[in-house]
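Please find below a colleague's note on the structure shown here.

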Amino acid sequence: MAADNDFVKEITKKSVDFSAWYVDVVRKAELADYSPMKGMMVIRPYGYEVWELLRDQLDRMFKETGHRNAYFPLFIPESFLQKEAEHVEGFAPEVAWVTSGGGEVLEERLAVRPTSEAIICSMYAKWVKSWRDLPLLYNQWANVVRWEKVTRLFLRTTEFLWQEGHTVHATAEEAEEETLRMLGIYRRLAEEYLAIPVVTGRKSDSEKFAGAVRTYAIEMLMPDGKALQAGTSHNLGQNFAKAFNIRYESREQKLEYAWQTSWGSTTRLVGALVMTHGDDSGLVLPPRVAPVQAVIVPISAGNWRETVLLHAQRLLDELKAAGVRAHLDDRDTFTPGWKYADWEMRGVPLRVEVGPKDIDKHQAVLVSRVDRKKSFVPWDGLAAEVKRQLEAIQGELYARALAFRDANTHDARSYAELRDAMAGGRGFIRCGWCGGRDCEAKVKADTSATIRVILDPPPPGFDACVACGGKAAHAVLFAKSY
RNA sequence: CGGGGCGUAGCGCAGCCUGGUCAGCGCGCCUGCCUUGGGAGCAGGAGGUCGGUAGUUCAAAUCUACUCGCCCCGACCA
């Protein structure tokens with residue numbers, strides 16, 4: 001093997017073939033596997049546990065901001081989908097249709113929801129009567145289906161899990177406020193829990209959600225220099241209210257169309273975690289979303305079940321009592337070295353080793369997944385030290401990802417600079433944009449980069465459009481996207 | 001949906017060009033002994049309709065056609 005620390009085998013090197021590495025890690029760490037159904041994956045328990053952890057954080061933040069969960073039907077009658085013109089046009093190409101049921105051909109075919117605006121708005125039209133009913137702040141945890149041509153584990157699958165928030169407000173201002181509030185929650189999830197820095201901002205018209213007035217997104221920069229849209233928040237204005245007749249009577253006794261938002265994030269976030277933090281040894285999970293935060297590996301010797309294991313068990317109890325998601329690997333069929341590699345591949349942030357030597361000294365050995373740095377910690381106060389190190393690892397991972405993002409964010413003052421950047425290591429490219437669709441399309445055609453977000457407030461110094469040289473209306477972030 | 005690549009045991013692969021002891025290797029798995037501080041050792045053993053279908057042939061993992069799936073690069077999307 002090439003390097004001293006090259007302990008995990010069977011995984012393609014991240015630096016050699018990023019895509020192959022990604023698939024290897026997802027499958028070897030048992031996050032997910034391919035299913036017999038093309039383009040659809042099975043999320044295995046370990047991967048689902050990661051999803052549950054980040055989902056629980058989102059759910060908590062939703063509830064703290066007054067949102068409630070509800071559930072709407074999987075099927076949407078075609079006529080409902082067609083009520084909002086841009087919406088149906090945007091989604092039609094990737095809708096899966098149900099055309100028969102119970103052995104009979106249906107009179108009207110049913111869409112398997114690609115998103116639920118249509119079915120939810122039809123209900124909102126019934127429920128919203130008065131200004132006193134507003135705001136209506138609902139969220140749904142569900143699966144959706146989009147018939148994608150090309151799929152990738154977690155990043156783009158035919159079926160995926162997500163949450164979709166759908167809110168109704170009395171005024172445009174409240175709707176915009178809600179749209180930005182939820183964007184902020186996505187940012188918090190990404191930065192505080194997933195340890196992934198994001199850029200937030202508004203989408204250009206060509207990139208916005210079908211049927212929205214304004215779309216905002218959080219964008220992450222992946223190690224291969226491509227951007228990943230990791231959460232979107234839409235201000236729907238009155239588009240759907242008018243299409244579905246969602247009206248309320250105001251304080252002034254006037255019948256008004258309501259203002260709406262919708263916002264979503266998906267299991268794609270798990271893929272973002274893998275790509276951002278993983279290394280040649282496999283997965284690296286930020287402690288706050290790691291199903292196992294600390295794994296105890298007993299160093300067995302002689303009748304270890306009567307000696308070492310008892311101490312290991314006691315430490316496990318202590319860690320659990322302190323609120324650490326800890327696991328004791330008491331399998332006797334594997335050597336310690338094998339277990340080290342195994343748990344590293346699964347991304348467990350902290351390893352706790354206990355062996356005969358440690359028992360003599362009343363200590364344990366802590367090893368960080370990030371840099372394999374060892375520390376020898378007395379049993380007394382071990383749980384506190386584990387928690388401290390887990391927080392430190394959380395911070396290190398964020399700092400590392402932020403440093404990468406910053407090192408790969410470049411300014412382009414000319415078209416040549418933009419083209420050079422995209423031809424090289426790619427990354428986030430900041431530049432001026434006149435706001436014209438033609439200029440946006442030209443950049444995409446020449447470099448395959450698209451506007452990820454419009455920067456607000458605009459950083460200074462981007463006065464000219466990178467494509468046409470005309471006066472810039474915005475400073476934008478270009479990148480090639482997933 | 002275009003261009004390219006790959007499907008052989010749970011995983012990773014060789015064999016294919018030039019059809020004929022090619023059903024093989026490493027890891028893993030099972031049994032036993034012995035071990036255990038970075039994927040231990042020895043001995044024995046189980047496991048595969050060579051992605052699928054149809055052809056060519058005395059004979060197909062190998063040649064041909066079709067088909068399914070996965071990966072990569074583009075166009076479309078969370």
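Predicted model: local features only at pLDDT ≥ 70, side-chain atom pairs only at ≥ 80, totals over all residues.

1. The structure holds twelve aromatic pairs. A pair of aromatic rings is described by the distance of the centres and the angle of the planes.

2. One of the twelve pairs is formed by Phe-62 and Trp-141, whose ring centres are 6.3 Å apart. Their planes meet at 35 degrees, so the pair is tilted; planes count as stacked under 30 degrees and as edge-to-face over 60. Phe-62 belongs to helix H2 (residues 45-64) and Trp-141 to strand S7 (residues 136-145), so this pair ties together parts that are 79 residues apart in sequence. Phe-62 has a relative accessible area of 1% and is therefore buried, the limit for that term being under 20%.

3. Phe-72 and Trp-127 form a further tilted pair, with 6.1 Å from centre to centre and 45 degrees between the planes. Phe-72 is placed in the loop between strand S3 (68-69) and strand S4 (75-77), while Trp-127 lies in helix H5 (residues 117-127); the pair therefore ties together parts that are 55 residues apart in sequence. How exposed are the two partners, Phe-72 and Trp-127? Phe-72 is buried, at a relative accessible area of 5%, whereas Trp-127 counts as partly exposed because its relative accessibility is 38%.

4. Ring pairs also build a cluster, which links Trp-51, Phe-62, Trp-141 and Trp-263.

5. Where does Thr-167 lie, and is Thr-167 buried or exposed? Thr-167 is found in strand S8 (residues 159-169), and with a relative accessible area of 0% Thr-167 is buried. Its side chain makes a polar contact of 2.7 Å with the side chain of His-169. A polar contact of 2.5 Å joins the side chain of Thr-167 to that of Thr-261.

6. Leaving aside residues up to four places away in sequence, Thr-167 touches a set of residues including His-67, Leu-136, Leu-137, Tyr-138, Glu-178 and Trp-259. Thr-261 and Trp-263 are also among the residues touched.

Methods
Residues numbered from 1 in each chain as written. Chains lettered and ligands numbered in written order. Heavy atoms only, no water. Phe/Tyr/Trp six-rings, centres within 6.5 Å; stacked < 30°, edge-to-face > 60°. Helix = DSSP H or I, 4+ residues; strand = E, 2+ residues; numbered from the N terminus. Buried < 20%, exposed > 50% of the residue type's maximum accessible area, 1.4 Å probe, protein only. Polar contact = N/O pair within 3.5 Å; in protein donor to acceptor, adjacent residues only side chain to side chain. Contact = heavy atoms within 4.5 Å.
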